[in-house]
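Let's take a walk through a protein model, one chain at a time. Keep the picture open while you read.

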Amino acid sequence: MSELISRDVVLHVAWLARLFLTDEQIEAMTKQFNEILSYFRKLDRVDTSNVPLELYVTPLKDITREDIVEASLNPDEALKNAPKREGKYFKAPKMM
Amino acid sequence: MINLSESELIIGLECHVQLSTLKTKLFCSCSADYRELEPNTVVCPTCLGLPGSLPVVNKEAINLGLKVAKALNCEISDKIIFFRKNYYYPDMPKNFQISQYDRVGGIPLGRDGYVNIKTDAGERTVRIRRIHLEEDPARIVYLGSISTSPYSLIDYNRAGVALLEIVTEPDLTSDEEAHIFLKKLRSIVEHLGVSDGGLQGSMRCDVNISLSGGKRVEIKNISSFKEVKKAIKYEFLRQKQLIKRGVIIEQETRHWDEVRKTTVSMRSKETEQDYRYFPEPDLVPIHISGEWINKILANLPELPEARKTRLMTQYGLPTHDAEVLTTSKALADFFEKAAELYKNYKNISNWLMGDVLRNLNELDIEISESKITPELLVSMLKLIDEGVISGKLGKIIIREVIQTGRDPRILVEEKKLIKISSEESLNLYITQVFQEYPGAVKDALKDEKAIHYLIGQVMKKTAGRADPDILNKLVRKKLAEISSSVQ
Amino acid sequence: MAVSVRQPASFCGVVGFKPSYGLVSRYGLIAYACSLDQIGPIGKNVRDVAILFDVIKGYDKHDSTSLNFDIGSASANLFNEIKDIRVGVVKEFFGEGTDERIESTVWNAVKRLESIGCKYEITSLPYLEYAIPAYYIIAMSEASSNLARYDGVRYGYRADIESDWNDVFSKTRQEGFGLEVKRRILLGTFALTAGYIDQYYLKALQVRKLIQDDFKKAFKKYDILVGPTSPVLPFKIGEKISDPLEMYRIDVDTVPVNLAGLPAISLPCGVVSGLPVGVQLIADFKDDLKLLNIAYKLERELNLKLKPRVVAGD
């Protein structure tokens, strides 16, 4: 089977997804990627050149709401599940 | 202003304008009025990105977006489609942002518009590439600056507030031009009533800069239009230094460190093509009918250009005055309120454009942040007209009015600043000066120029309060008396 | 997950019903693939399912995809008489890889439809052949985005390391997600990546449209479509986890309905080697009441007395 996706692409995707894999995992994943994707490429057989790009499955449209304020959560409730907090803030890791 | 003699600078802007006149956020019914609140008090499952929560579009946000698109001469799309922009940052509650996109079946709310700006070099057209709606990220609080803070504190009150992203073509060539454009944009959105630029962080900007045809560097996180100028200047000098040393500028994203006034490279380097945009499946398309657009057009308020023309015809102001006054809605409003109370329009304009703006600049505040009101300015102008104070004194007390908001009449009384125009009082000062400077008196009898020295001394003694015309007359009269008595 | 109502119901010998997309609010449902997810009841029989459906259905302003449309009471509608029902037996549902014993069990049920006033014929929806890849590409793409919120800042698990945002976020995902979830996130991320999105995600959307059109055409001729719920008999927990593709293929009969947002129900129709077999009935969009009505009649006609059998676990 010819390779659809190289190890480098899998590495890049893993970086985009922030899922860092060990060397063995990358090897295994590259193999699986190729198996699964070549199955997915079955879609190549479908001629879609005249099929409009329909972004939605639902026939609904024009669903909006009015600009009216409703109650927010109470702050203790909002922060209750935070793994780390400081005062009334959620505490996240440093950025750099 | 940057000297461009040696480098060609190209600037494109991505402006983020908060639709601050909305009552609620873009996709939930939390109050959008998040400023000066305790952290995390206007949040709900949707704007916190809790599992199971869903977005519902605020119709009024689309309405305001359409207004701006029309005011910026954009083509309007016939439907609104939201896309997900995928990237991970703790200010994004879902780790994707609901935004709009112009590819893979997407279309921005507005596209291909323009804004005309007036620069020293003349009229220029800045093209608008696109305008779209998106949600504001949360606010991150750092201990010190982003690069040194040992952790980040997140306040999601701002998360989900409606933002309008306005992207220009790279049509700007200096920090000054960028500033003029941003001021114009602000005036437009304020006149439309969609945003209050005076609110902290309501207008932010990312800047794309390239130098001498080099690669484009994006500077993110500039929290006010004032900072934009500083960031451009810094980045320009940084890149110029590198080019001088033979370094090739790489395409990258940098972060504006507001505390240290530098740009810092961002480690994570997702680019536009890494965002994996796809249509937001939790929302449905919204069609923009011709009827909707017509309603917008019919209710479009007066914009700065039109107001400028009206100020010229209605108040007889020169082009330049009308131009300057309409750079800010607050300033133009101030002028027109004052004009209801006081009929010498040009005089109001002169004071606003001159001493008021100069003082505001020096104090680094906006007219809306200052304490001066149209009533107070007019009160002062009347004091001058009535001859109670001199124009020179007016220049002194205006600063105090701006800072304290106190009535000029009271200030004048308290400081005993009232002009001395009684001949009796002035003669007492004159006699005193003539006794103190007999040599000067002698000179003055022969030399016209020396008279001014004597007048100056009296002015000094009265702390500038002497009525200059009467004083002049009395000094000459006194000299004439001496001259005739000597003969 | 989207197919986790009908297939588990079929494997367990109970009734599972997936309503039309938008009839049950997704507000409160932890999203896997928003455009495919639909909450549906599982119950001992069609009537229980209809009663539960009556409780959970209805318009919700918090879900923009919620249908603002009252279809009426499903449980009251069950007892309606049915006649002249046109049934399409979908050829593709009996395709390659379908267990022959399941095929014959389902056919027996199909034939019984005649006794309750239905007429059937064999029909074909050619694009169903492509449902699995289209479904998985869309599901994985949406899931890769939906699962990004689990960063351990506002709630949930957070890796216990002192480092910067990028490291903590990755480590949290590394430790918090299982292997199959990671695989789907990676494939979904890939399918949306610039350079590949045309071949995968956008292509899948187009194929989805073709499948939807296939159904539309079929429902001009038929009131309901039928076939097996699963091509294979129930298998042991963890048995297929090492072969993801094999695992995905088992969804061949259930996912087409999700792609088109249609209502479908699985009900037990027999037993093979002591394991239950389910028959799937599918109706047109918003024809949920008609579907439940027919399913109820078929259930009565089949009159299966399935008894749970306790077997020793491994």
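What follows is a short report on the chains, their cores and a few individual residues.

## Before we start

Keep in mind that this is a predicted model. We'll go from chain C to chain A, then on to chain B.

## Chain C: the globular one

Chain C is built from 11 helices and 7 strands. Its radius of gyration is 20 Å, close to the 20 Å that the globule rule gives for 314 residues, so chain C is as compact as a globular protein of that length.

How many of the 314 residues of chain C count as buried? The share is 62%. Look at the contacts in chain C with a separation of 6 or more, and you'll find that 74% of them come from residues 24 or more positions apart.

## What sits inside

In soluble globular proteins, nonpolar side chains tend to be buried together. Here, the largest nonpolar core has 150 residues, and the members that touch the most others are C:F215, C:I265, C:L281 and C:L292. Which helix gives the most to this core? That's helix α8 of chain C, covering residues 198-221, with 11 residues.

Zoom in on C:F215 for a moment. Setting aside its neighbours within four places in sequence, C:F215 is in contact with C:L125, C:L128, C:L225, C:P256, C:V257, C:A260, C:L262 and C:I282. Apart from this core lies another one, of 63 residues, and its members include B:C74, B:I98, B:L164 and B:I209.

Chain A has 3 helices and 3 strands. Starting from the N terminus, they come in the order α-α-β-α-β-β. A compact globule of 96 residues would have a radius of gyration near 12 Å, but the value for chain A is 23 Å. Along its principal axes, the C-alpha trace of chain A spans about 55 × 45 × 20 Å.

In chain A, 43% of the 96 residues count as buried. Of its contacts with a separation of 6 or more, 39% are between residues 24 or more positions apart. Chain A exposes about 5,300 Å², and carbon and sulfur atoms supply 49% of it. It carries 14 positive and 16 negative side chains, and the centres of those two sets lie 6 Å apart.

## Chain B: the overall picture

Now for chain B, which has 15 helices and 17 strands. For 487 residues, a compact globule would have a radius of gyration near 23 Å, but chain B has 29 Å. Its C-alpha trace spans about 105 × 55 × 45 Å along the principal axes.

Of the 487 residues in chain B, 56% count as buried. Residues 24 or more positions apart account for 69% of the chain B contacts with a separation of 6 or more. The accessible surface of chain B comes to about 20,800 Å², and 50% of that belongs to carbon and sulfur atoms. Chain B also has 69 positive and 68 negative charges, whose mean positions are 3 Å apart.

Most residues other than glycine have a negative phi. B:E36 isn't a glycine, yet it has a positive phi of about 55°. You'll find B:E36 in the loop between β1 (9-18) and β2 (57-58) of chain B. Is B:E36 buried or exposed? With a relative accessible area of 85%, B:E36 is exposed. B:V104 has a positive phi too, near 35°, and sits in the loop between β6 (96-99) and β7 (110-119) of chain B.

Next, find B:I80 in strand β4 (residues 79-80) of chain B. Its relative accessible area is 0%, so B:I80 counts as buried. Leaving out neighbours within four places in sequence, B:I80 is in contact with B:I62, B:Q100, B:L109, B:V284, B:P285, B:I286 and B:I288. Last stop: B:N344, in the loop between α7 (329-341) and α8 (345-363) of chain B. At 40% relative accessibility, B:N344 counts as partly exposed. B:N344 and B:V378 are 34 residues apart in sequence, and their C-alpha atoms are 10.0 Å apart in space.

Terms used:
Residues numbered from 1 in each chain as written. Chains lettered and ligands numbered in written order. Predicted model: local features only at pLDDT ≥ 70, side-chain atom pairs only at ≥ 80, totals over all residues. Heavy atoms only, no water. Helix = DSSP H or I, 4+ residues; strand = E, 2+ residues; numbered from the N terminus. Rg over C-alpha atoms; globule rule 2.2 N^0.38 Å. Buried < 20%, exposed > 50% of the residue type's maximum accessible area, 1.4 Å probe, protein only. Contact = heavy atoms within 4.5 Å. Core = buried A, V, L, I, M, F, W, Y, C linked by side-chain atoms within 4.5 Å. Areas by Shrake-Rupley, 256 points an atom, 1.4 Å probe, with all protein chains shown as cover. Lys, Arg positive; Asp, Glu negative; His and termini not counted. Charge placed at Lys NZ, Arg CZ, Asp CG, Glu CD.
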